[in-house]
Amino acid sequence: MAFPTLPPGSVEPPGAPGIEPRWTSSDKSAVGTSVSSASCVWFTASHGILNEIYAPRLDMACVRDFGFIVTAQDYFSEEKRDCDHSVQAIEDGVPAFRLINTARDGRYRITKTIFSDPEREVVLQDIRFEALTGSLSDYRLHALVAPHLVNGGADNTGWYANFKRKPMLFAEGSGRSLVIAASVPWLARSVGYVGFSDGWQTLSRGEGLRQDYCCATSGNIALSGTLNIEAGEGRALIAIGFGTQPEEAALRTLLSLEQGMEPALKHYRNGWREWQAGLLALDEPHDPDKLNRYRVSTSVLATHRDDASGAIIASLSIPWGFNKSDDDLGGYHLVWTRDLVETAGGLLAAGAAADARSVLDYLTVIQEADGHWVQNAWLDGRPYWNGIQMDETAFPILLYDMLLRSGEIGASEARRYLPMIEAAAGYIVRNGPATQEDRWEEDAGYSPFTLAVEIAGLLAAADAVEAAGRLDAAHYLREVADGWNERIEEWTYATNTELSRRLGVEGYYVRIASATDGSLSLWRDFIPIRNRDDLGEVVEADLLISPDALALVRFGLRAADDPRILGTVAAIDAQLRRDLPAGPYWYRYNDDGYGERVGGAPFAGSGVGRLWPLLTGERAHYELAAGRADEARRMLAALEASASEGGLLPEQIWDSEDVPERELFLGRPSGSAMPLVWAHAEHIKLLRSLRDGVVFDMPPQTFARYVAARPAPAPFSWRLTDRRERIPAGRVLRIELPAPAKVRWSIDQWTNASDAPCEDRGFGTYVFDLHTEMLPSGSIDFTIFWTDAQRWEGLNFRVEVV
């Protein structure tokens with residue numbers, strides 16, 4: 001529809017373009033969508049109202065929030081601030097919700113049922129308003145909507161008009177439109193600039209809605225409308241629809257209103273019932289009147305999934321969103337490959353194998369040309385941040401392997417994934433094992449977590465290429481994996497430190513180390529600590545501890561009772577464990593800065609890291625691997641106890657004294673992000689692991705090779721990025737280069753020399769193996785000639801045989 005002609009008497013609302021836009025609370029109490037692919041809209045709720053609504057893609061937030069204001073004679077009340085809120089799913093495993101907001105002064109109650117229309121991009125709210133004091137006619141109920149079309153609150157335009165004789169509120173921006181309509185008449189409508197002339201401002205000043213404010217352009221705007229609740233005897237159905245054009249959004253909205261609530265809710269409910277019925281029965285015994293936490297987690301995973309592509313975002317939230325502007329375009333509604341594979345593992349653990357496989361198909365098509373995956377991305381694969389995290393290149397290989405072992409990928413289908421696997425393995429071989437960023441996206445170096453995932457990924461890739469008949473390639477990948485596994489302690493195991501002596505242990509694995517000189521202590525290495533007020537803060541590597549090291553057990557590289565692991569557990573618990581009334585929780589690492597500031601102010605580039613329930617789930621898996629199932633169950637209870645009233649698991653929980661004015665309470669969700677999909681996937685995997693009595697996602701290759709047995713010594717690898725200076729006598733010296741080359745070498749200080757071509761191993765690496773068994777003790781000198789460039793390296797290198 002053409003932009004409406006302004007009616008006589010209309011005026012430009014004052015205050016353009018409005019205050020700087022802000023998002024809203026990341027502390028979600030509900031998230032939902034239809035399982036029908038015809039409905040490309042996702043909704044969230046917090047503080048009793050709708051928060052961000054995403055359409056037509058999971059990574060496109062189009063609404064900041066949608067709530068109600070109640071007025072009466074000399075009375076003004078906003079439900080999100082002035083009510084006590086409760087939320088409950090209408091049925092286990094069905095993410096349609098009943099929100100009940102009761103005014104703290106006892107004057108009114110608003111009950112809402114919220115869900116999305118399974119047939120179109122429309123979110124429905126069935127509203128019931130009750131006057132607890134006085135009569136219905138004493139009150140006015142006003143809708144207040146803040147459009148933030150396509151991840152932006154600035155440069156939105158809004159107006160009110162009629163479409164096909166139906167009064168509506170409209171907004172458009174960035175090529176998308178939204179429309180709000182109701183089953184009851186509007187008594188008044190208004191559009192204004194946030195902070196100056198929006199409905200909240202005029203209502204709070206006792207002016208009512210200014211109907212002469214019928215249009216606001218290119219700013220941070222809000223739409224308002226007063227509902228004739230008497231006409232519906234306190235009931236109204238409100239629809240907010242989305243489309244490319246205003247007419248498209250309006251048509252969809254009208255169709256949903258015309259259909260009514262009951263048919264849409266029945267269709268919505270049946271779709272979810274059918275999906276949940278196809279899952280494994282991992283439900284825990286529970287009171288029928290209480291949450292089925294397994295079905296909360298399964299619905300959270302499915303709600304964050306894009307049916308068209310198979311992608312799954314990290315969270316329908318923006319951490320500390322109420323303090324974030326349009327500059328934070330992505331929030332957590334982006335795809336992180338690590339989170340995505342962890343979530344696919346949760347789906348597979350629950351029995352949703354086809355959904356897990358669609359994740360692998362999605363990853364296959366967004367893989368970069370050189371074989372890696374970007375740090376995070378929009379749904380269409382466009383990079384958001386460009387950091388390199390080596391575990392994110394190995395995780396898709398592990399997902400393939402899990403799907404193959406589950407039977408979801410048949411032997412005849414496996415070959416179509418081979419190019420993806422070979423490209424990923426090649427990238428790992430060429431660029432690993434050190435990572436540009438660890439799994440917390442902060443520091444570079446050798447991380448036990450990243451190493452565990454890389455090595456497991458290489459062994460899974462070796463199985464894949466071997467099944468395709470590439471036996472030499474498989475052998476090479478296993479040799480690389482074995483060589484890296486052999487050096488994990490050299491890179492990341494600290495001994496004879498102040499902490500180890502205090503704990504009475506030989507040593508422990510550290511969080512990350514950037515370099516070593518071959519000594520047993522890493523004390524010469526300093527790691528910068530991110531997100532702290534002191535931007536120059538560093539910690540000695542051998543004093544930086546993280547639960548990440550337990551990935552060596554989770555991914556099958558070390559036994560749970562390995563003395564080095566036991567020492568690490570002691571260090572982790574001494575430095576990072578916090579026992580709360582609900583159970584134990586852990587910090588990511590000592591001196592972490594990603595969390596609220598001291599006193600509870602929101603994180604804004606620096607802060608204090610808080611407790612992560614996810615880590616309690618990971619620790620429970622370690623306890624299960626160690627044979628302590630009862631302890632794992634106790635930690636499962638602690639993980640579940642961190643959830644919100646509606647069962648959503650947060651990224652972090654508050655770890656200090658209560659700060660009621662900031663809604664921060666000990667052991668309860670903080671303001672970072674909720675739900676964290678990764679945490680819900682961990683919850684499902686833990687339920688599956690406890691049922692099976694084994695860690696669900698432990699790769700069998702690593703355990704069989706490094707725990708149940710021990711492989712032959714791997715070649716002693718020398719690279720330009722890892723110039724090892726000594727080799728034990730009798731080991732094979734492998735010179736591993738990134739381009740075609742020949743090696744000129746000598747064992748008598750260049751009195752005599754030999755030339756040898758490097759062998760192409762098929763992964764972008766070129767290898768020359770020198771067997772030292774028959775060589776005398778002494779040194780091996782060599783240099784490199786690059787055959788494609790036809791030039792010498794210009795340096796000589798020496799390795800001592802000792």
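**Reading helices and burial**

The buried residues of H17 are Ala632, Met635, Leu636, Ala638, Leu639 and Glu640. The model in which they are found is a predicted one.

Q: What covers the buried residues of H17?

A: The cover over the buried residues of H17 includes helix H16 (613-625), strand S25 (583-586), H5 and H18.

Q: What should the 13 residues of helix H17 span, and how far apart are its end C-alpha atoms?

A: Counting 1.5 Å a residue, helix H17 (residues 629-641) should span 18 Å, and because its end C-alpha atoms are 18 Å apart, the two values agree.

Q: At what angle do helix H5 and helix H18 pack?

A: Helix H5 (residues 293-303) packs against helix H18 (residues 677-692) at an angle of about 135 degrees, and their axes are 9 Å apart. The crossing in which H5 passes H18 is left-handed.

Q: Which residues make that contact?

A: On H5 they are Arg293, Tyr294, Val296, Ser297, Thr298, Val300 and Leu301, while H18 brings Val677, His680, Ala681, His683, Ile684 and Leu687. Sorted by class, the contact of H5 with H18 has 8 nonpolar, 4 polar and 1 charged residues.

Q: Is Ala461 buried or exposed?

A: A residue counts as buried under 20% relative accessible area, and Ala461 is therefore buried, at 0% relative accessibility. Ala461 lies in helix H10 (residues 448-467), and, leaving aside residues up to four places away in sequence, Ala461 touches Ile397, Ile421, Ala425 and Leu477.

How values were computed
Residues are numbered from 1 along each chain as its sequence is written. This is a predicted model: local features need pLDDT of at least 70, side-chain atom pairs count only at pLDDT 80 or more; totals for chains, interfaces and linings use all residues. Side-chain values use heavy atoms; hydrogens and water are left out. Axes are lines fitted to C-alpha atoms, for helices over the stretch in contact, and angles run from 0 to 180 degrees between N-to-C directions. Helices (H or I, at least four residues) and strands (E, at least two) are DSSP runs, numbered from the N terminus. A crossing is left-handed if the near helix is turned anticlockwise from the far one by less than a right angle, and right-handed if clockwise. Contact means heavy atoms within 4.5 Å. Ala, Val, Leu, Ile, Met, Phe, Trp, Tyr, Cys and Pro count as nonpolar, Asp, Glu, Lys and Arg as charged, and the others, Gly among them, as polar. The expected span of a helix is 1.5 Å times one less than its number of residues. Buried means under 20% relative accessible area, exposed over 50%, partly exposed in between (1.4 Å probe, protein chains only).
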